[in-house]
Amino acid sequence: MRVVPVVGTRFAADGGAMFGLVPKPIWEKIFPSDVHNAIPLNTNCLLVELDDGRLGLVEIGPGDPQWFSEKERGILQFQEPWPLLEELKRHGV
């Protein structure tokens with residue numbers, strides 16, 4: 001069996017919400033935020049190939065940005081196009 005991580009979605013979220021009680025001067029050294037205090041994030045999937053050649057995808061992301069309203073896409077700053085399909089092609093799927 002082979003398991004390969006692939007990028008499912010790229011988006012941004014509020015850094016303060018992501019790091020909770022950790023002070024911004026600490027987390028911002030590793031994850032610089034934009035003018036809206038948002039940090040870039042990925043949701044990653046697992047491409048699983050079984051020994052008999054069957055493939056499966058464990059997808060834990062929000063899915064295609066087009067499934068969200070324009071307002072939601074603006075808040076989450078989805079990067080388009082949806083990278084999952086290109087990632088799968090890159091791995092021969």
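**A chat about the predicted chain**

Trainee: What share of the contacts with a separation of 6 or more comes from residues 24 or more positions apart?
Mentor: In this predicted model, residues 24 or more positions apart account for 60% of the contacts in the protein chain that have a separation of 6 or more.

Trainee: And how many helices and strands are there?
Mentor: The protein chain has four helices and three strands, and when it is read along the sequence these follow the pattern β-α-α-β-β-α-α. The chain is more spread out than a compact globule, because its radius of gyration is 16 Å, well over the 12 Å that the globule rule gives for 93 residues. Along the principal axes, the C-alpha trace spans about 50 × 30 × 20 Å.

Trainee: What percentage of the residues count as buried?
Mentor: Of the 93 residues, 32% count as buried, while the chain exposes about 6300 Å², with carbon and sulfur atoms supplying 60% of that area.

Trainee: Is Thr-9 buried or exposed?
Mentor: Thr-9, which sits in strand 1, counts as buried because its relative accessibility is 0%, and buried means under 20%. Leaving aside residues up to four places away in sequence, Thr-9 touches Leu-41, Asn-42, Thr-43, Pro-62, Gly-63, Phe-78, Trp-82 and Pro-83.

Trainee: Switching to the strands, in which sense do strand 2 and strand 3 pair?
Mentor: They pair in the antiparallel sense, over four bridges, with strand 3 covering residues 55-58. As one of the pairs, Leu-46 has Val-58 in strand 3 as its bridge partner. The hairpin these strands form has five residues between the strands, and Gly-53 in that hairpin takes a positive phi near 95°.

Trainee: Which residues other than glycine have a positive phi?
Mentor: Among them are Asn-37, with phi near 70°, and Gln-77, with phi near 50°. Asn-37 is found in the loop between helix 2 (24-27) and strand 2 (38-49), whereas Gln-77 lies in the loop between helix 3 (70-76) and helix 4 (83-90). Gln-77 counts as partly exposed, because its relative accessibility is 30%.

Trainee: Where is Met-1 found?
Mentor: Met-1 is in the segment before strand 1, which runs over 2-14, and Met-1 counts as exposed because its relative accessibility is 65%, where exposed means over 50%.

Conventions
Residues are numbered from 1 along each chain as its sequence is written. This is a predicted model: local features need pLDDT of at least 70, side-chain atom pairs count only at pLDDT 80 or more; totals for chains, interfaces and linings use all residues. Side-chain values use heavy atoms; hydrogens and water are left out. Helices (H or I, at least four residues) and strands (E, at least two) are DSSP runs, numbered from the N terminus. Buried means under 20% relative accessible area, exposed over 50%, partly exposed in between (1.4 Å probe, protein chains only). Contact means heavy atoms within 4.5 Å. Two strands pair if DSSP finds at least two bridges between them. The radius of gyration is taken over C-alpha atoms; the globule rule is 2.2 Å times the number of residues to the power 0.38. Accessible areas come from the Shrake-Rupley method with a 1.4 Å probe; for residues, only the protein chains shown count as cover.
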